Amino acid sequence: MLRVEATAVRGPRLDRERFQWSSLVTLTPALALLGLLFVFPVLYATYLGFTNLALVGSRSRDYSFTGLENVTRMLGDYVFVKSSWLTLIFVVGSAIIGQSVLGMAIALLLRRAVVPVRLVVGSIVIVAWVLPEITVALVWYAFSQAGGTLSILLGHRDANYLVLVPMLIVSVANLWRNVAFSMLVFSAGLRNLPTEVLEAAEVEGASVWRRYRLVILPLMRPTIVTNLLLVTILNLSEFTLIYAMTQGGPGIETMTLPLYVYQEAFVFHQLGYGTAISLVLVLIGAVFSLLFVRAARNQA
Amino acid sequence: MSAVAAGKPAPANRVVVPYRRVSTAALITNIVLVLIGGFFLLPMLWMVFASVDSNPDWAIKLPTLTLANFTDVLGTAGALSAFRSSLILAGTTTVITTVLAVLAAYPLSRRHIPFKRTFMLAILFASGLPVAMLIVPVYQLYVYLGWLDSLYTTALFLAASSLPFAIWLMKNFIDAVPVELEHAAAIDGASTFRILRQVVLPLTIPGVSVTAIYTFINAWGAFVIPFVLNSNPDDQVGPVEIYNFMGSHGLFKFGDLAVFSLLFSLPVIVLYLVMSRYFSGAFNFSGAVRG
Amino acid sequence: MASDVKFEGVHKLFGAETAVEDLNLIVEAGEFMVLVGPSGCGKTTTLRMLAGLERPSYGRILIGDRVVNNVAPRLRDIAMVFQSYALYPHMNVYDNLAFGMRARGISGATVDSRVKETAEVLGLGQLLKRRPSQLSGGQRQRVALGRALIRQPQVFLMDEPLSNLDAGLRVQMRAELSRLHERFRVTTIYVTHDQVEAMTMGDRIAVMDHGRLQQVDTPETLYDSPANVFVAGFIGSPRMNFLPGHITSSGGRTTVEFLGVKTQLSANSRLTGASSDGEVQVGIRPEDLSWLPAAGPESSVTLRAEVDVVEPMGHEAYVTALCGGHSVISRFPPRSGVRTREQVELALDPARLHLFDAGSGQTILQRPVEGGAAVFTSTRAAWNPSESEQGPDRQRPSPAPTVPNVSQEDLIQGGTHEESA
């Protein structure tokens, strides 16, 4: 009879997980490319942000470490402060609120729509997202011009809304382009919900709103948090759309931080200062990410 | 006689299932969706109408049909060369990104790698790093290496910037291949290379396609990176060409602009439609950042 | 061809959880060993360690004379049937069967003839061009089996291979697997949670619980002399009745008291030394507890009970009755006519009682060893419990014939084509 008593075990564990060197073989090409054109630039940027490097002139070769000079310059820079606010408005308004709420709404509505509506509307929304950004910029430029479709719809033919409310227009254009992303994420999340739970709630006679608030929303929390995280970091660095529509104007009315970085670095040739501003952008992104990851942890 | 009658319920007793009334809620749902669809369609529609209008302006209007805009655009050397450049840039980027992502994703999905979780989170974060931050040091680096003004070196940076997300996508696809199949193959005597080639790869073809097409769509529309790194006038890609066009004579040639944008948008729309069946599966991020 | 398998002091820990604890087990060459136990008992982990899919935390695993702890699965010369079958979904049946041989660099002509022969043996000849998704559950199961069979490995590993089949097919495949094993005599380790599968298929059965091996023995011994309460309760259906009791010894005779009755154990019942007096758990199998009017003469102990539930099975009936505040299951003849709340008398043979230490749950009874009857041992690694049934070739496995020598009729007696595709 092999009735075994617990025995004291001696010696090292034999099943410690071992790193297989062959893993490195397939990882290396990707790591090399990321190292050269991602990690190195990030580190280099962190250094450049504390220098007075310029694109042209003597400072382009003969630059030096200037410590916190760029930071103090930022604090006194009225454009930078304004630009930071615009970025926050853009990300919170267009991405976090607009894109996520509309994306969730469409995803929920599509579940209950008849098949032709679902297919057609779903495809149109996604095509808007697949279009090259420059095309989106163009069609929205046309849409909001004086004499454009929007001005006719609103009854003020001569109003150029891209000049009147530029931040609103670029935010809506960005929302228009990116809603599909959130919609896809939420649709996938909704598809993965356990149907029994939803049916149970339905059988219990919960109203649509109660079902949504008490059943769907809590179950979707991980998906929502992930969506918010991705949407925030992707939109923080939005450049092309705004640049092609307004180039930051009129004045500096749509000069979000990515545009300001570009202007400082490549128009005013202040590479060091421009990079310092981009570091602030990364910092904002990191803060948002931490908040969301925290939120994801707390739910468990 | 009676047996037959017993076999069928009398009509009077038959339970009649009524046609489901079209509920107001369902009606409202569909109407709201159609309105939303209209909001998304309207701006695009301008592009379509203006492209065949002999006298377009900024508003959507019924076109006076003409193909002059098309012949105009296709007749210029710039448009064709822009297509060629975009194809080279997006194609090179896609090949590099996809191959490297597949190779990297396999060990990240299956093997034991120290600090893998941290690495994957860093990758996710990296995919959101602003290009604005990287563009200055990369520009410096390209000046130093003499890599400026080439589509291929530009593609290299584009590939690097799209690689994190591609690896992440690809890892999720490989994760979805049942690990038991690999175990079965290993017990069957297959080497790692054979398992990868004959079991994992065939089963992740949809995933590889989605990754490739996603990368291609992004690279096809990329603006800033080629705008900054490649200023060779003969090699301008589509988005830069359209941007220049808008700046120089956009106000006069709406039609040409619309045609150019339309033609340039078609490849990615077609690509998306071809792959749409697999796309929805790629966006299952539930719990991706769970603690 | 067939090798023996040894586990020597094998442990497997997942984090702080112990999945397998100090496993010592020898599976003889050619033996059909069933690992059985409830889910989470460590049986699948044991199998996966043998397959090389997990590495043991401590101890050694040997296939033949080779320590395989650090040998890659593909170099162990084993074949495995997975619970999910793990068929390659993108390959047809032919390629699924051929995959293993091609991976080992066997030439095309050999592969082709072996695939066709194996397919014939398993009744898959018409299905070679189909993908797994186009097969029924039973057909998939057979492909999974064929993929293992085709290679004639040293050891077969089977992880609940029948659990995804419906009941009828399961019984049929059980017999088919037994026949295949008879034929090829490859050492087989078969994991299941189903004690019926274990009893019907195993040469020997290893019962596991909470990562520990509880008992290894032939099905008959396991059933007749369970080593502890767990094995006694796990093997056999309906489950053994357990009742609190008390034993006292005087003058060399042992008296058991339970449910208000006292009975003396027969003179040749020997108790393990430690527990001659004290609290015990008395185990009675339902078939040993019968209705008095139907009981045999040796059933000298009678109990009064009130019928609670009657479960007619057709050829017999199980009656749950309340007896001295305890619920006991007993076997009745099929048409006894007893009804709920009826007072009945139950009878049992004291020689069929099982006694377990109330604290440790270990058996305290050693079965009488009598000449002529089956010899029950618990250490012999044998799969030859009754010669009359199996014939002499069971003693010494002849070299396994290769697949081609076996005709389909030998292995599958009809029925295999009846399932709907």
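Two strands pair if DSSP finds at least two bridges between them. Helices (H or I, at least four residues) and strands (E, at least two) are DSSP runs, numbered from the N terminus.

This model is predicted: local features need pLDDT of at least 70, side-chain atom pairs count only at pLDDT 80 or more, and totals for chains, interfaces and linings use all residues. Residues are numbered from 1 along each chain as its sequence is written, while chains are lettered from A and ligands numbered from 1 in the order in which they are written.

**Stop 1: the sheet in chain C.** Select β2, β1, β4 and β5 of chain C. These four strands form an open antiparallel sheet, in the order β2-β1-β4-β5. Now look at the edges: β2 (17-27) and β5 (66-67) of chain C each have a single partner strand, so one side of each is left without a neighbour in the sheet.

**Stop 2: one strand pair.** Select residues 5-14 of chain C, strand β1. Seven bridges join β1(C) to β2(C), in the antiparallel sense. Pick Lys12(C): opposite, in β2(C), stands Val20(C).

**Stop 3: chain C against chain B.** Contact here means C-beta atoms, placed from the backbone, within 7 Å. Chain C brings 17 residues and chain B 15. On the chain C side, select β6 (78-81) and α2 (93-103), the elements that give two or more residues. That side has 12 nonpolar, three polar and two charged residues. Nonpolar means Ala, Val, Leu, Ile, Met, Phe, Trp, Tyr, Cys and Pro; charged means Asp, Glu, Lys and Arg; the others, Gly among them, are polar.

**Stop 4: chain B against chain A.** Here 77 residues of chain B touch 88 of chain A. Select helix α2 (residues 24-51) of chain B, which gives the most to the chain B side, with 15 residues. The chain B side divides into 59 nonpolar, 15 polar and three charged residues.

Note on methods
Contact = placed C-beta atoms within 7 Å.
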